Amino acid sequence: GQGKSAVAKNVVEQSQNEYFCLTFRAEEFANNHLDQALQEIQDSLTIKRLLGLLAGQGQTVIFVDGIDRLLESSERNAFIDLLHHARDNQSLRLILTCRDYSVDKVRMSLLERVAIPHDVLEAPPFSDEELQQVAEQVPELSRAVGNPNLRELLRSPYFLDIAARVDWSEDKPLP
């Protein structure tokens, strides 16, 4: 994959030699309090204990994948707690992923709510060269990638992933 989660994962992998890294799925923060979310991961874990353990680590990167899914939950105070801690603790850095159409809602509903400074980085669509590499690695997609109408759609990692599951046989009509 070359989508948002894959790019963020690569950043975390490259950072782990320099920083202590933690990774979470957004749904793990669908709780009323951060301690409650952490205790579901490990019984005796609280934010106070976690911050104590991290104190000697220098910089810590916390990666949370699919934060837009948390918008679907009525409980997200645990994540808001995490944002407060990250805002107030300069040794914590967050990397969050979300779908491009959810960026503004995530910013307004979560990040700006706690006035946490942030930047947005967009995963660019696949180039012609990258699509050609995909077609070489997954020959079943060659027909779809070669179609100009489909090619534009397949620049999105999301749609390319779906296309990889479709039967593109010559005897089947193209959508």
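Strand 2 (60-65) is mostly covered, with 6 of its 6 residues buried. Buried means under 20% relative accessible area, while exposed means over 50% and partly exposed in between, using a 1.4 Å probe and protein chains only. Helices (H or I, at least four residues) and strands (E, at least two) are DSSP runs, numbered from the N terminus.

The model is predicted: local features need pLDDT of at least 70, side-chain atom pairs count only at pLDDT 80 or more, and totals for chains, interfaces and linings use all residues. Residues are numbered from 1 along each chain as its sequence is written, and side-chain values use heavy atoms, with hydrogens and water left out.

**The strands**

From strand 2, Thr60, Ile62 and Val64 point one way, Val61, Phe63 and Asp65 point the other way, and all are buried. Two strands pair if DSSP finds at least two bridges between them. The pairings of strand 2 are listed here.

| Pair | Bridges | Direction |
|---|---|---|
| Strand 1 and strand 2 | 6 bridges | parallel |
| Strand 2 and strand 3 (residues 92-96) | 5 bridges | parallel |

Valine 64 in strand 2 stands opposite phenylalanine 24, and the bridge partner of valine 64 in strand 3 is leucine 96. From strand 2 the chain crosses through helix 4 to strand 3, a β-α-β crossover that is right-handed. Right-handed means that, with the strands pointing away from the viewer, the path from the first strand over the helix to the second runs clockwise.

**The cores**

A nonpolar core is a set of buried Ala, Val, Leu, Ile, Met, Phe, Trp, Tyr and Cys residues joined through side-chain atoms within 4.5 Å. The largest one has 30 residues, of which Phe29, Val64, Ile67, Phe79, Leu83 and Leu110 touch the most other members. Elements that give two or more residues to this core include strand 1 (20-25), strand 2 (60-65) and helix 4 (77-88). Helix 4 supplies the largest share of this core, 6 residues.

Contact means heavy atoms within 4.5 Å. Leaving aside neighbours within four places in sequence, phenylalanine 29 is in contact with residues including Phe24, Val64 and Phe79.

**Isoleucine 116**

Isoleucine 116 lies in the loop between helix 5 and helix 6 (128-137). Isoleucine 116 is buried, with a relative accessible area of 11%. Leaving aside its neighbours within four places in sequence, isoleucine 116 is in contact with Leu83, Ala86, Arg87, Leu94 and Leu111. Valine 145 is 29 residues from isoleucine 116 along the chain, and 41 Å separate their C-alpha atoms.
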